[in-house]
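Open the model in your viewer and keep the selection tool at hand. The tour below moves from one selection to the next.

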Amino acid sequence: MARATDLAMRTALSGVCAQCSNSLRRQGGLSRTILQATQQRRLHTSRSSFSPTCETLRPSAVAAEPSTPAKRFSSSFAQRLFGGGDQESAQAGKPSGPKRVLAADDLFHPFTDSPIPGIRRRAAFIKQHAACPHPDHHSGASAPAHVNFECPDCGIPVYCSKEHWADHYEAHLEVCDTLRQINEDDHDLRSGRFFPEFEYAGPQIDEALVNMTNWDTFLYTRGFQAINDDRSMRQATRLLTYPITIASVLHELSPYNIQKGGRLTVEGLKSFSALRYTLHPPRSGGGQDIRGLRIEAPPVRLFILGARAESSLPRDVWVQLAHLFPQAKFHLIFIGPESMANRDDEFPLPSRTASNPFGSIVEDRVWPTMKISTIVEYYHTIHKTGYFHPYDPYFDCFVLFHPGLGHPASSHEWVDTIPLLLETKAPIIATGYTQEDMERDIGWVNKTAAGEFDILMEPGENKFRSLRWDLNDMDPQDISAGNWGAWAFRGKRYEATHKPEV
């Protein structure tokens, strides 16, 4: 029988999908007003649930003990989702334990005829919303039509008819193999097998250095269980990409440096060296008795803005940050109108009081050196009150996972925030789904804050991106990877005077 931790990891992984966010942005975006965030939280959806095709599990209340993940995540939904019976029989009271549904050599199934009810519903959603990409529909030769034909090679609805699929076959071949991989990965996630790749490594011993060259060397030097096949590696990296992307930039053994091709700029070395000084403090000679008391640095605050699905990841995933920096303390702060998506029942928002003006939820002692706070509010509203003031580049860092800064449907949400972030002079780490998505964000920052920021890390492919590909349900031809690219910037530390041209 699968463990409760394993079930929680599988469900979280099925919930962290990038395509839904891209889909909704292409349709005009989700209206993320504060009224929705406070009064209609059950209508909120994260990246993982913009459509009824994605299955997610609402994490239950987080316990104080860091070593009891089973207490932190309810497994009943996962048992219904991944068990042998369907959800209806489980709800009727019939037992449906987490047993194997699909064999390792039986993972490919057309979405429409999938043995997994959730995937069949996803196929119906794709057919209802995705448009056929054949050129005839764009040239006016035929009216627009929704996809209705499943490619026999990838099993995903991609064209409106077999004729259009055959006529456009060479173009479809460019993504067909990847779509088949996505198909099999989705079925694997719901196959009911035990996932040893979700058994995470514990604290790092001082004598063992971490090699952050790539995923393979990192997992090996961190003491993870051996992952012997590509599919398991894709499932594991889909969750770990969030904390390890941050760690790969901030760690003293970071693969990003100022050498040729290292992508780190001189200004980036200055900023990240300040944070690394805090994250890797010198040995103080402290001890357990009164004579061993030493002054310790305050926690490093990681502000994760526009938080959505990453705010509901299993806490064991985020604790990996604490293991990589055992001498430092962390305070993770998830901020955004959707930061409590899919967690309403287990975490009802507290009332706003004088001692808790923004109704934040604090998960203390997630690990002895880590605390997590979640605030359902726009960051610029909090910043203007001075709630987190003062900011210190030695202790503060902002992280934007797939922010959509330059996307027409979401850029307006960042207009007030980005200037305030630049004022803090703290580093800002940003990621993108694809190279196009990342370059669009960079272009928007260049346009709205020209001359007001320095690049800390040149944009490029993230060494710790998710190795699993995600499918855009609104456009099956569009595939992306979580945290595919990464870059970093910061407000200028020196005043610049622009002389008018003569």
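pLDDT is the predictor's confidence in each residue, on a scale from 0 to 100. This is a predicted model, so colour by that score before anything else. The chain averages a pLDDT of 82, and 78% of the residues score at least 70. Now select residues 18-97. Their pLDDT is below 50. The stretch still has 208 contacts in the model beyond near neighbours in sequence. Where pLDDT is low, the predicted coordinates should not be read in detail.

**The sheet**

Switch to cartoon view and show the strands. In what order do the 8 strands of the open sheet run? The order is β5-β6-β4-β3-β7-β8-β12-β9, with mixed pairing. Find the edges: β5 and β9 (453-461) each pair on one side only. Neighbouring strands of this sheet are turned against each other by 15° on average, direction ignored.

Select residues 361-367 for β5 and residues 370-375 for β6. These strands run antiparallel and are joined by 4 bridges. A hairpin of 2 residues connects β5 to β6. Pick Val362 and look across: Ser373 in β6 stands opposite.

Is β4 parallel or antiparallel to β6? The two run parallel, with 6 bridges between them. Here the pair to pick is Leu332 and, opposite it in β6, Ile372.

**Helices on the sheet**

Select α17, residues 435-448. This helix packs on the sheet and touches β8, β9 and β12 (485-491). The direction of α17 makes about 15° with that of β12.

Next take α12, residues 230-250. Which strands does α12 lie across? They are β3 (300-305), β7 (396-400), β8 (428-432) and β9. Against β8, α12 runs at about 135°.

**Two loop residues**

Go to the loop between α15 (379-385) and β7, where Pro390 sits. Display the backbone there. The peptide bond from His389 to Pro390 is cis, with omega near 0°.

Then move to the loop between α16 (417-424) and β8, and select Lys425. Lys425 is not a glycine, yet its phi is positive, at about 65°.

**The largest pocket**

The largest pocket has a volume of about 720 Å³. Which residues lie nearest its centre? Select Pro281, Ser284, Ile295, Glu296 and Gln327. They belong to a lining of 24 residues. Colour that lining by class: 12 residues are nonpolar, 8 polar and 4 charged.

Key:
Residues are numbered from 1 along each chain as its sequence is written. This is a predicted model: local features need pLDDT of at least 70, side-chain atom pairs count only at pLDDT 80 or more; totals for chains, interfaces and linings use all residues. Side-chain values use heavy atoms; hydrogens and water are left out. Two strands pair if DSSP finds at least two bridges between them. Contact means heavy atoms within 4.5 Å. On a 1 Å grid over the protein atoms alone, a cavity is a set of points where a 1.4 Å probe fits but cannot get out, and a pocket is an open set with protein on both sides within 12 Å along at least five of seven lines; lining residues have an atom within 4 Å of a point. Grid points are joined across faces, edges and corners, and a volume is the space filled by probe spheres set on the points. Ala, Val, Leu, Ile, Met, Phe, Trp, Tyr, Cys and Pro count as nonpolar, Asp, Glu, Lys and Arg as charged, and the others, Gly among them, as polar. Axes are lines fitted to C-alpha atoms, for helices over the stretch in contact, and angles run from 0 to 180 degrees between N-to-C directions.
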